[in-house]
Amino acid sequence: MKNSICDISVIICAYTEDRWTELLKAVESIRQQNIVAREIILVIDHNTSLLERSRMQIADAIVIENNRPKGLSGARNSGIARAKGLFIAFLDDDAIAEPDWLERLNAGCQNPHVLGTGGVVEPLWVEKRPDWFPHEFYWVVGCSYQEKLRTVTEVRNPYGGCTCIRREVFEVIGGFHEKIGRVGNHPLGGEETELSIRATQHWPDKVFLCDPQARIHHHIQPARATWSYFFRRCYAEGISKAAITTLVGAKDSLASERAYTLLTLPKGVARGLAEGIFRQDPAGFLRAGAIVSGLGMTGMGYLAGRLALWASTNKKADICNKHVPMQIATLKKKA
């Protein structure tokens, strides 16, 4: 299938020149795919300097500016509006896709009952992974945290920066919600979760898949491998979850989180303690502590978000796209 063309538009969104080297690697990894994408669309998120540089130096990509609100959701929506493919794939600007990535995502999407197919995001630590960092919290750095799958599996939502979705999904239910998701380096998220839930609520007989062989490698900068970032990201995730439950309901938006909290995390704590006691690995205690504190910080963010939403009910305000390190989200009135 080498060099055959698939009907997939690949969208890469970028907002900072600090990741220029990684961005070039991301684009190059799409050029080197086993099958050729219909087009590569690079969306620059409100950064004129990066826009001009990209247009000058990345000639074979369609380089456009985000004409939607600033943030990852708006940038993706700008790319979707420009894309012509039957399927639309998304790759993070600091990730490298393996050569068969598109081929595997394309294969998963051929079933008409599949709304989209995602893959596995593996960490590519720029420096050594901290011994205290638990695998169960790899989502903090945008990577897969679940136990490794052996076969293609149904999932609630694929990873936003490692997925391929039918164009029909966006045409029918709309794009990513622009009031949630990451803006610059503010560690909010959840836009792909909200979109996927909205899609399966509209098409209850259709599914999203994860192909464990469709892999990308995500650069993890040292700044994201710190305790401070860990806690900020966990707290922000709690705020994001609170916003998502308001949009699509707690039943669907927290189903995976319940299993994660009741099954995955206790096993991780037990493993860390066992490694600390029986293998005499002091970092095992740190990993167990990180799991407990990370869960606590996420819960605090969720409660703060719910309180903020409750307080704003009569003011018609929202908590989204506001970065609050360690306090209740600042409310922003709708225009």
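What follows is a chat about a helix, a helix pair and some ring pairs.

Q: Ground rules before we start?
A: It's a predicted model, so to speak: local features need pLDDT of at least 70, side-chain atom pairs count only at pLDDT 80 or more, and totals for chains, interfaces and linings use all residues. Residues are numbered from 1 along each chain as its sequence is written, and side-chain values use heavy atoms, with hydrogens and water left out.

Q: OK, helix H3: mostly covered or mostly open?
A: Mostly covered: eight of the eleven residues in H3 (72-82) are buried. Buried means under 20% relative accessible area, exposed over 50%, partly exposed in between, with a 1.4 Å probe and protein chains only. Helices (H or I, at least four residues) and strands (E, at least two) are DSSP runs, numbered from the N terminus.

Q: Which H3 residues are buried?
A: Ser73, Gly74, Ala75, Arg76, Asn77, Ser78, Gly79 and Ile80.

Q: And what do the buried residues of H3 pack against?
A: Strands S2 (8-14), S4 (39-44), S5 (62-65) and S6 (87-92), plus helices H5 (167-173) and H6 (191-202).

Q: Switching topic: how do H9 and H10 pack?
A: H9 (255-278) and H10 (282-312) pack at about 155 degrees, with axes 6 Å apart. Axes are lines fitted to C-alpha atoms, for helices over the stretch in contact, and angles run from 0 to 180 degrees between N-to-C directions. H9 and H10 are therefore roughly antiparallel (angles over 145 degrees).

Q: Which residues meet there?
A: On the H9 side, Thr261, Leu265, Gly268 and Val269 are among them, and on the H10 side, Phe285, Ala288 and Ile291 are among them. Contact means heavy atoms within 4.5 Å.

Q: Now rings. How many aromatic pairs turn up?
A: A search of the whole structure finds 17. Rings of Phe, Tyr and Trp (its six-membered ring) pair if their centres lie within 6.5 Å; planes under 30 degrees apart count as stacked, over 60 as edge-to-face and the rest as tilted.

Q: What's the geometry of Trp125 and Phe133?
A: Edge-to-face, 5.6 Å centre to centre with 70 degrees between the planes. Trp125 is buried at 18% relative accessibility, and Phe133 is buried at 0%.

Q: Why is the Trp132 and Trp227 pair called stacked?
A: Because the ring centres are 4.0 Å apart and the planes are at 15 degrees. Trp132 sits in the loop between S8 (114-125) and S9 (153-155), and Trp227 in H7 (227-248), 95 residues apart.

Q: Trp227, buried or partly exposed?
A: Partly exposed, at 30% relative accessible area, while Trp132 is buried at 10%.

How values were computed. Parallel < 35°, antiparallel > 145°, perpendicular 65-115°, else oblique.
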